[in-house]
Amino acid sequence: MEDSGKKGPSVIERYFTRWYRTDLKGKVCEDHCILQHSNRICVITLAESHPILQNGRKIKNINYQISDGCSRLKNKVSGKSKRGGQFLTEFAPLCRITCTDEQEYTIYSCIRGRLLEVNEAIMNKPDLLLERPSTEGYIAVILPKFEESKSITEGLLTREQYEEVLAKRNQQEEPC
């Protein structure tokens with residue numbers, strides 16, 4: 001069999017829809033990407049324009065301890081209906097990432113839903129977040145309420161809309 005050199009669509013491209021939230025909490029360029037699976041599960045990742053992924057930055061620390069009384073690492077879900085997961089609003093912090101230049105970034109859930117899991121692997125190997133943010137370097141997995149699963153994307157941007165935002169930024173004198 002001859003290899004034509006063409007690769008088919010990745011699992012992400014095939015089964016997930018990309019949604020974006022830009023300039024989170026008014027912080028320019030702090031963009032997040034939400035990968036929504038057809039089964040309504042959402043994977044929260046960094047958008048490729050996020051400052052953490054720019055200019056060869058390195059990560060010093062990833063902390064899922066949000067406050068004294070709240071750690072995303074203590075999230076426990078069980079059973080088919082995923083009971084017990086922490087309920088998140090769209091601006092609930094998931095983690096804080098500190099880069100080696102001491103810049104700190106808060107990563108938010110972007111959608112309402114139940115926290116299914118956080119990616120503990122990136123704590124031990126932060127380069128996963130830098131090298132493969134849409135796959136092994138994801139931040140968290142969230143399950144929206146069934147009745148909200150259609151409406152959660154209302155405040156989010158499609159890939160095309162996100163690319164328009166990036167194009168406008170590039171036209172400005174001081175892009176990200």
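Is Tyr20 buried or exposed, and which aromatic pair does a search of the whole structure find?

Analyst: This is a predicted model, in which local features need pLDDT of at least 70 and side-chain atom pairs count only at pLDDT 80 or more, while totals for chains, interfaces and linings use all residues. Residues are numbered from 1 along each chain as its sequence is written, and side-chain values use heavy atoms, with hydrogens and water left out.

Tyr20 is buried, with a relative accessible area of 0%, where buried means under 20%, exposed over 50% and partly exposed in between, for a 1.4 Å probe and protein chains only. The search of the whole structure finds one aromatic pair, with the rings of Tyr20 and Tyr162 centred 3.8 Å apart and their planes at 0°, so the pair is stacked. Rings of Phe, Tyr and Trp (its six-membered ring) pair if their centres lie within 6.5 Å, and planes under 30 degrees apart count as stacked, over 60 as edge-to-face and the rest as tilted.

The pair links distant parts of the chain, since Tyr20 lies in strand E1 (residues 16-21) and Tyr162 in helix H4 (residues 159-171), 142 residues apart; helices (H or I, at least four residues) and strands (E, at least two) are DSSP runs, numbered from the N terminus. Tyr162 also counts as buried, at 0% relative accessibility.

The largest nonpolar core has 31 residues, and strand E8 (93-99) gives the most to this core, with four residues. A second, separate core of 13 residues includes Tyr20, together with Phe16, Ala47 and Leu143; a nonpolar core is a set of buried Ala, Val, Leu, Ile, Met, Phe, Trp, Tyr and Cys residues joined through side-chain atoms within 4.5 Å.
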